[in-house]
Amino acid sequence: MFSLVLSGSSMAQDTDIKTATVEDADFKINSIGSPELNIDLKLALPEGFQLDDESFFDLNNGYVALLKSKKYAELIDPDAVKVELAPAAGNVIRFIITGFSQKLSELIAKEDADIHITTNAPILFSAIKGTETLSYQLKVADVEKYTSNKIILTEAMEEELIAAKGGSIFMTSNVFDFGVLPQDKSENTATEFYTSFKYRSKYSFAKDKPIFFYGEGLLTTDSQDTLNYLSLYPVSYNFSKSKSEIIAQVGVEGNQTFQNYRVAASIYWQGLLENLVDLTFGEDRLRLKPVIKIGAKFYQEMENNRPVEIEDNEFSNQVFGQIYYYIPIKKQYSLILDGNAFYDFNTSVNPDEEIMFNYTVTLGIEIPKTDFKTILKIVGGENGITYQKDQLLMIGFMADLFSLN
């Protein structure tokens with residue numbers, strides 16, 4: 001957190017310190033580099049006088065600026081939401097807010113939240129005109145007054161923040177949840193535990209090259225569960241620099257025990273659809289657009305667990321399509337739809353020559369004062385590696401990975 005305020009400057013002893021006034025306040029997004037929110041307070045200074053940038057930080061060394069809400073103070077974590085102070089062009093004092101998240105976006109939409117910035121002492125600054133110097137202080141009450149009810153996140157700002165964080169495609173690439181399969185719903189009639197995830201991360205050594213790691217899976221304490229799988233792609237390359245992506249991947253796919261596994265290479269296009277439904281009912285929620293994926297996969301089986309008559313390891317290919325849609329519902333609910341359809345051209349693994357599919361439906365309910373949601377999750381359809389069919393009901397928790405942090 002950047003600190004504001006008083007040092008041993010001679011200004012502290014100046015008895016002729018004027019009270020500063022603010023003629024305008026502006027709230028905006030800075031999406032260059034690391035995204036941040038800016039609140040600019042334009043100072044009303046005498047004609048010809050300019051804010052002295054050079055002395056500003058010395059005069060304000062040691063004070064603290066915080067984002068506050070009179071009614072929902074507990075929802076703003078001071079360790080996560082940082083507020084820095086700096087002078088800006090045009091006689092402006094700028095508050096820079098980082099650590100912005102979906103939770104904060106929902107909070108600032110509340111009409112009675114009274115989101116504002118406060119400091120633990122007045123902000124001191126000098127205004128200069130030639131050899132003339134005037135000393136000013138911006139009182140704490142005025143800081144709170146001029147920043148109150150100015151932090152309003154519009155839909156366009158939300159889209160800009162999402163784009164600055166890599167877009168909806170990137171944000172939906174990282175998902176993690178864990179919980180239990182109830183005893184009466186599990187295959188072996190015992191309570192089981194599970195974790196499911198999707199994770200995408202760029203390699204640090206790649207610098208500006210679009211090479212990244214991608215992995216996904218569903219793992220449970222019953223390692224033989226029909227729908228369990230693990231897919232790891234250590235080599236993934238993005239050929240496109242547009243909002244959509246063309247991805248090529250090479251990796252290994254298998255069930256949890258790797259009794260079935262194969263080496264696979266895929267190429268697919270991934271892009272965004274327009275939002276199909278709006279279930280916010282007027283609440284200000286971040287609405288990530290649906291992500292659609294269409295592509296082809298080539299694979300060589302290394303091991304399989306099929307009946308003897310088709311036990312040979314197969315080389316084959318398939319085409320597939322997938323949609324992932326995160327739907328916010330009212331103030332604190334979310335619905336996640338993840339569907340995948342695929343057609344395998346090898347009649348040994350797909351003797352009925354049919355389109356197979358699998359799906360996940362997740363309902364999340366935000367847990368107040370935490371970064372988790374409780375979830376009810378249904379997974380069903382054909383396992384894309386073993387081609388076995390099943391359905392599972394799960395309950396548990398989901399990390400708040402749709403945050404814009």
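## Salt bridges and cavities in a predicted model

Asp-177 and Lys-377 form a salt bridge whose closest N and O atoms are 3.2 Å apart; the term stands for a side-chain nitrogen of Lys or Arg within 4 Å of a carboxyl oxygen of Asp or Glu. Asp-177 belongs to strand 11 (residues 175–181) and Lys-377 to strand 21 (residues 372–382), so the pair ties together parts that are 200 residues apart in sequence. Helices (H or I, at least four residues) and strands (E, at least two) are DSSP runs, numbered from the N terminus. Asp-177 and Lys-377 are both buried, where buried means under 20% relative accessible area, exposed over 50% and partly exposed in between, with a 1.4 Å probe and protein chains only.

This is a predicted model, in which local features need pLDDT of at least 70 and side-chain atom pairs count only at pLDDT 80 or more, while totals for chains, interfaces and linings use all residues. Residues are numbered from 1 along each chain as its sequence is written, and side-chain values use heavy atoms, with hydrogens and water left out.

The whole structure has 8 salt bridges. Glu-253 takes part in a network of them with Arg-262 and Lys-297. Between Glu-253 and Arg-262 the closest N and O atoms are 2.7 Å apart, and between Lys-297 and Glu-253 they are 2.9 Å apart. The latter pair links distant parts of the chain, with Lys-297 in strand 17 and Glu-253 in strand 15 (residues 245–254), 44 residues apart. Glu-253 and Arg-262 are buried, and Lys-297 is buried as well.

The protein as a whole has 5 helices and 22 strands. Of its 405 residues, 47% are buried. Among contacts with a separation of 6 or more, 60% join residues 24 or more positions apart; a contact means heavy atoms within 4.5 Å. The exposed surface comes to about 19,700 Å², with carbon and sulfur atoms supplying 55% of it; such areas come from the Shrake-Rupley method with a 1.4 Å probe, and for residues only the protein chains shown count as cover.

On a 1 Å grid over the protein atoms alone, a cavity is a set of points where a 1.4 Å probe fits but cannot get out, and its lining residues have an atom within 4 Å of a point. Grid points are joined across faces, edges and corners, and a volume is the space filled by probe spheres set on the points. The largest cavity holds about 760 Å³. It is lined by 41 residues, and Glu-216, Tyr-229, Gln-322, Asn-340 and Asn-358 are the closest to its centre. This lining has 17 nonpolar, 14 polar and 10 charged residues, where Ala, Val, Leu, Ile, Met, Phe, Trp, Tyr, Cys and Pro count as nonpolar, Asp, Glu, Lys and Arg as charged, and the others, Gly among them, as polar.

The second largest cavity has a volume of about 180 Å³. Its lining consists of 17 residues, with Thr-172, Ser-173, Tyr-214, Gln-270 and Lys-293 nearest its centre. Strands that each supply at least two lining residues include strand 13 (211–220) and strand 17 (291–303). Tyr-214 sits in strand 13 and counts as buried because its relative accessibility is 9%. Leaving aside neighbours within four places in sequence, the contacts of Tyr-214 include Ser-173, Lys-198 and Gln-249.

Methods. On a 1 Å grid over the protein atoms alone, a cavity is a set of points where a 1.4 Å probe fits but cannot get out, and a pocket is an open set with protein on both sides within 12 Å along at least five of seven lines; lining residues have an atom within 4 Å of a point.
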